Amino acid sequence: MSLRIVVDTASGLSPWRQVHGQIVRLITRGALAAGFRLPPIRQLSRDLALATGTVARAYRELEAAGWVYTARGHGTVVAETAGTPDPDAELRMAAEEFVARARELGADPERAADAVLAAFAEPRPGPG
Amino acid sequence: MSFADLLGLAAVMALFGLLLLALLWPGEPQGRRLLRTWGVAEPDPQEISTAVAYLKRRRLAYPWLYFLLSFLAQTVLGNDQDGAFLGLVLLTVLLGSLLAELLALRPARGRTREASLDTRRPTDLVPYWALALDGCVLLGAVVLATAGVAGVQWARGAPQDRTTAAAVTLLLVAVLSAVAVALMVLAAVRRPPDRRPRVDLALRVRSARVAIGLHVAVLTSAVGVYHSGVIGLIIGALGITAWVWITAPIRALPAPTRAV
């Protein structure tokens with residue numbers, strides 16, 4: 001299975017947050033197991049055509065939150081204790097992505113909030 | 001030989017390059033065959049299209065590379081051109097591939113950019129044994145050339161009156177081709193990813209392995225030309241065999257190394 005992340009440079013959400021958020025989601029879904037070595041900052045920044053500082057910030061934030069650690073000679077590695085998501089942090093990230101998309105569509109805060117409330121009001125899809 | 005003669009001969013080689021380009025101009029069957037050779041079973045049309053574009057980039061430079069390299073070879077080697085044609089063909093393919101790899105390093109510019117989280121290293125693309133073989137052949141060529149330059153009798157090649165210039169030429173070919181191949185392998189590792197992971201990895205593996213295989217062939221043919229005679233032929237034949245072995249079809253794409 002190929003593990004890929006996608007950055008939309010015009011989405012309004014800063015690239016480092018997109019990198020950070022997608023890596024956290026991959027970890028919490030079990031796609032990145034403990035011990036998985038993330039690519040070097042230079043490789044990821046080259047591949048995404050981002051500044052190395054942008055990817056470095058994403059890695060720094062991941063390490064500060066305990067998702068990864070940096071070991072000399074091993075690079076940045078997914079931590080053993082990773083996989084315990086903070087619901088508030090996840091909600092905040094989801095909100096940031098939604099706001100970026102809403103801005104792209106020209107929505108003001110009231111319209112965006114109406115859309116959220118309407119989505120909550122819809123019945124949850126059943127299994128199958 | 002006059003300058004006009006040099007240009008004329010180079011132009012003939014350029015025409016040869018053009019003919020080769022026409023014969024090797026890739027289409028869908030070549031793209032499909034390339035991907036199947038390098039571990040992509042049943043490629044889809046978009047993957048085949050990517051492979052065809054990859055081949056075109058490498059072959060477009062053939063005519064003018066043949067022109068330039070044959071002009072340089074005529075100028076540098078003069079009448080001492082035993083086996084120069086084979087060397088010219090190999091060097092043209094090598095440099096054409098190098099140019100294409102360097103051009104492929106241009107960063108992604110679109111709004112949406114994708115990247116794989118798998119770490120890429122040269123040893124993910126080329127097996128250790130191929131790298132070791134290439135290293136040994138390079139070392140042998142450098143030792144032989146250096147000894148030839150120093151005037152050591154056994155290193156003077158056959159016939160024994162090989163000039164120092166021939167040894168220097170061998171040394172230059174060894175060093176410059178090593179630099180070119182190192183750049184090609186690094187470029188294969190570093191170039192921005194294609195959105196289709198299978199074809200992305202297959203083409204990186206192909207680029208790196210063809211570079212190493214070509215390097216072994218270039219070095220052994222250069223040593224073969226330097227030494228000439230039966231020994232030179234045997235060395236050259238071994239080099240071509242090694243090239244075929246290194247670039248033999250693979251059954252499946254190499255799995256990425258993910259754990260610490």
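## Salt bridges and the A–B interface

β1(A) and β1(B) pair in the antiparallel sense over 5 bridges. Strands pair if DSSP finds at least two bridges between them. Strands (E, at least two residues) and helices (H or I, at least four) are DSSP runs, numbered from the N terminus. Within this pairing, V7(A) has R113(B) of β1(B) as its bridge partner.

The model is predicted: local features need pLDDT of at least 70, side-chain atom pairs count only at pLDDT 80 or more, and totals for chains, interfaces and linings use all residues. Residues are numbered from 1 along each chain as its sequence is written, chains are lettered from A and ligands numbered from 1 in the order in which they are written, and side-chain values use heavy atoms, with hydrogens and water left out.

**The interface.** Chain A brings 29 residues to the contact and chain B brings 24; contact means heavy atoms within 4.5 Å. About 2,500 Å² is buried between the two chains, 49% of it from carbon and sulfur atoms. Buried area is the accessible area (1.4 Å probe) that two parts lose on being put together, summed over both. In chain A, R4(A), R37(A) and D47(A) lose the most area to chain B, together 28% of what that side buries. β1 (4-8), α1 (15-28) and α2 of chain A each supply at least two residues of the side that touches chain B. That side of chain A divides into 18 nonpolar, 5 polar and 6 charged residues. Here Ala, Val, Leu, Ile, Met, Phe, Trp, Tyr, Cys and Pro count as nonpolar, Asp, Glu, Lys and Arg as charged, and the others, Gly among them, as polar.

**Salt bridges.** The whole structure holds 15 salt bridges over all chains, and 4 cross the interface of chain A and chain B. Each is a side-chain nitrogen of Lys or Arg within 4 Å of a carboxyl oxygen of Asp or Glu.

| Pair | Closest N and O atoms |
|---|---|
| D47(A) and R120(B) | 2.9 Å |
| R196(B) and D194(B) | 3.3 Å |

D47(A) lies in helix α2 (residues 41-48) of chain A and R120(B) in the loop between β1 (112-116) and α6 (122-125) of chain B, so this pair joins two chains. Both D47(A) and R120(B) are buried. Buried means under 20% relative accessible area, exposed over 50%, partly exposed in between (1.4 Å probe, protein chains only).

E104(A) and R101(A) both lie in helix α4 (residues 87-104) of chain A, 3 residues apart, about one turn of the helix. E104(A) is partly exposed at 33% relative accessibility. R101(A) is partly exposed at 44%. Salt bridges that share partners join D8(A), R101(A), E104(A) and R111(B) into one network.
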